[in-house]
Amino acid sequence: MKTTKIDFVIQHIHELIKTRSISAGSRLPSVRALAKQLNLSVSTIVEAYERLASQGLIESKTGSGFFVSGPIPPLSISQIHPKIDRNIDPLWISRQSLEAKPDMLKPGCGWLPDDWMPHENIRKAIRKISKVESKILTDYSSPLGSPALRELLARKILGKGIEATPNQILLTDSGTQAIDLICRYFLKPNDVVLVDDPCYFNFHALLKVHQIRIIGIPYTPTGPDLNAFSQAITQHNPRLYITNSGIHNPTGARLTASTAYQLLKLVEQSNLIVIEDDIFADLELDPAPRLAALDGLSKVIHIGSFSKTLSGSVRTGYIATKSQWIEDLTDIKIATGFGGSHLSAEILYAALTDGTYRKHLDELKIRLAKSMDFTIKQLEKLKIRPWIKPQAGIFLWCELAKNLDTARIAQTCLENNVILAPGNAFSQSQNYKNFIRFNVAQCSEQKVFEVLSHAIQQEIELQKN
């Protein structure tokens, strides 16, 4: 993004305050004096001062000029890198990826690089929405969310065999909020929830907030291990099961029709509700069976969002389920968050319907396929093999030598500006010590493999000693 003259002035004042070149209560140069000093117009300085005042960093005193607001927060020498001594728990990868400096490489994160996203599509949608009625810009949304977007989502999931009216769809602020609302509705402390082992690490973190017991079900290339699933139902009487039916995170596997039918037979005979997280649906080449379609939204709740293919900033997810549950979930949404983001939903609808999203997806799929092949070849040079070769998606679940600890390898890589996703961060059983999840879209830089190679050699030397 191009830096304007006003931005330059604002950054200049920020630096003076941060470095204590000027202190709380100090008078700033007059607009004319600073304009002369920086060789800028008076109007540019006035606008910059006004913006700084709106941020609370400076204040205007009539007849006296502008002054630094006080007190200034205690001086903190921020670290160049995220904390590397944090324990590698389910939130470790998210924290490192979200706090990463621009020069860090993120093969362990769960999203596409910024330059892979449809910027112009989103800008066009924002311009369009900015011209519509003002209440979209300022007002709360209806409890269910944008009718137009819900109607579009109903048609979209029908393409996967899931029949739901717009009134059976509740918009949320994200896929994560969708799961949280469902957990609030169905769970009480000490209930049991089944998850795939391995599974998306934030499932673990979110479920711990609800103070429940988590049971991991081994995941196979065709879906969950059905014998383990059956035993868990018998032994633990679980309330929920959270899974991906399409592209599985982290393994990249997909549910087969045979496993899906057998799984639903077990669910029908239990007290279990299934949450089917379909966040990677638009990256599939050949759609896998959907539990919600086979079940008719009887005991399966279907959720999704567009953060992986369109924007992680325009936060909108959805829940599709039976009408009775939608009513209750809507009440919980109001109680815990009141209204959803009216603006985000309308931007999303505009971006999905402007005619360019399909082309964007086609290009993404081609680009991901090339990145998948490239990453596999680079990893083969390091004697790292994929658990399976996924048919589509962004993830490659890889196994290293049995004696290697990928948590330590990840710590070493982090010291060298590379963020990895070690296997046990995804595992309830902690049986994936020597696994790593790679995001192939984030593996284009050769430095990723150079740093990884060095970290592996360091780990091997440590094992020898």
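**Figure 1. Pairing of strands β12 and β14 in the predicted model.** Strand β12 (residues 395-399) and strand β14 (residues 435-439) run antiparallel and are joined by five bridges. Strands (E, at least two residues) and helices (H or I, at least four) are DSSP runs, numbered from the N terminus, and two strands pair if DSSP finds at least two bridges between them. Across this pairing, L396 stands opposite F438, and E399 stands opposite F435. This is a predicted model, in which local features need pLDDT of at least 70 and side-chain atom pairs count only at pLDDT 80 or more, whereas totals for chains, interfaces and linings use all residues. Residues are numbered from 1 along each chain as its sequence is written, and side-chain values use heavy atoms, with hydrogens and water left out.

**Figure 2. The four-stranded open sheet around β12.** The strand order is β11-β12-β14-β13, with antiparallel pairing. At the edges lie β11 (385-386) and β13 (421-422), each of which pairs on one side only. Two bridges link β11 to β12, and R385 stands opposite E399 in β12. Five of the five residues of β12 are buried, so this strand is largely enclosed by the rest of the structure. Buried means under 20% relative accessible area, exposed over 50%, and partly exposed in between (1.4 Å probe, protein chains only). From β12, F395, W397 and E399 point one way, while L396 and C398 point the other way.

Figure 3. Leaving aside residues up to four places away in sequence, F438 touches P107, L379, I394, F395, L396, C398, L420, C443 and L452; contact means heavy atoms within 4.5 Å. A nonpolar core is a set of buried Ala, Val, Leu, Ile, Met, Phe, Trp, Tyr and Cys residues joined through side-chain atoms within 4.5 Å. The largest such core has 97 residues, of which L194, F229, I409, L420, F438 and L452 touch the most other members. Helix α15 (residues 357-380) supplies the largest share, seven residues.

Figure 4. The 12 residues of α11 (residues 257-268) should span 16 Å at 1.5 Å a residue, and the end C-alpha atoms are 17 Å apart, which agrees; the expected span is 1.5 Å times one less than the number of residues. Buried residues of α11 are T259, A260, L263, L264, L266 and V267. Seen down the axis, they fall within an arc of 155°, so they line one face of the helix; the arc is that of the directions from the helix axis to the C-beta atoms. The face turned away from the buried side carries the exposed residues K265 and E268.
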